[in-house]
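Work through the exercises below with the sequence and the model at hand. Each task is followed by a solution in steps.

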Amino acid sequence: DSCVVEVNVLKRGFIVADAGVLYQADPAWFIPLRIGYKYKFTESVSILAMAGVAPVISGDSDTTAVLGDLTLNFGSKKMFFGIGTGVFHTSNKTRVDLIVNVGVVLVPNFSLFCEGRFAFDEFEEIKDFGRIGLGLRYQFK
């Protein structure tokens with residue numbers, strides 16, 4: 001006489017914020033602070049757009065950076081992998097970076113990630129100008 005159907009709806013959009021530490025071998029240390037928007041296409045594929053700043057805390061070859069990033073992410077409930085591009089602008093130079101990151105979900109909505117940034121025009125000098133970092137990311141739901 002009656003039929004009950006349960007429907008699960010995928011929540012697609014989230015505000016995301018992260019902070020971490022970023023090392024550049026020339027040497028310089030940055031503290032990236034970013035906020036952005038994540039849009040899920042499926043449960044395991046999403047796109048993440050972020051913007052922020054990265055004050056330099058050590059090193060004299062660069063100044064505070066302005067960041068703008070766009071990454072395509074693949075993942076599960078426990079971990080993720082992302083690849084994309086971004087802008088890393090300082091008073092010395094504007095770099096367009098290849099971004100690669102991998103992360104693990106520590107608790108729901110909170111993850112630890114490692115990120116590498118490599119300017120497309122500096123691949124031959126990655127050991128000097130490539131940047132690698134570690135950070136924490138929170139996804140607001």
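Buried means under 20% relative accessible area. The model used here is predicted.

**Exercise 1.** Decide whether Asp69 is buried or exposed, then find the partner that its side chain meets in a salt bridge.

Solution. Asp69 has a relative accessible area of 7%, so this residue is buried. Its side chain and that of Arg34 meet in a salt bridge, at 2.6 Å from N to O. Asp69 sits in strand 6 (residues 65–75) and Arg34 in strand 3 (residues 33–40), so the bridge links distant parts of the chain, 35 residues apart. Arg34 also counts as buried, at 7% relative accessibility.

**Exercise 2.** Which parts of the chain does the salt bridge between Arg34 and Glu115 tie together?

Solution. The two side chains meet at 3.2 Å, N to O. Arg34 belongs to strand 3 and Glu115 to strand 9 (residues 110–119), so parts 81 residues apart in sequence are tied together. Both residues are buried. Salt bridges with shared partners join Arg34 and Glu115 into one network with Asp18, Asp69, Asp97, Arg117, Arg131 and Arg137.

**Exercise 3.** Describe the salt bridge between Arg137 and Asp18.

Solution. The N to O distance is 2.9 Å. Arg137 lies in strand 10 (residues 131–140) and Asp18 in strand 1 (residues 13–24), so this pair connects parts 119 residues apart in sequence. Arg137 has a relative accessible area of 8% and is buried; Asp18, at 6%, is buried too.

**Exercise 4.** How many salt bridges does a search of the whole structure find?

Solution. The search finds 10.

Note on methods:
Residues are numbered from 1 along each chain as its sequence is written. This is a predicted model: local features need pLDDT of at least 70, side-chain atom pairs count only at pLDDT 80 or more; totals for chains, interfaces and linings use all residues. Side-chain values use heavy atoms; hydrogens and water are left out. A salt bridge is a side-chain nitrogen of Lys or Arg within 4 Å of a carboxyl oxygen of Asp or Glu. Helices (H or I, at least four residues) and strands (E, at least two) are DSSP runs, numbered from the N terminus. Buried means under 20% relative accessible area, exposed over 50%, partly exposed in between (1.4 Å probe, protein chains only).
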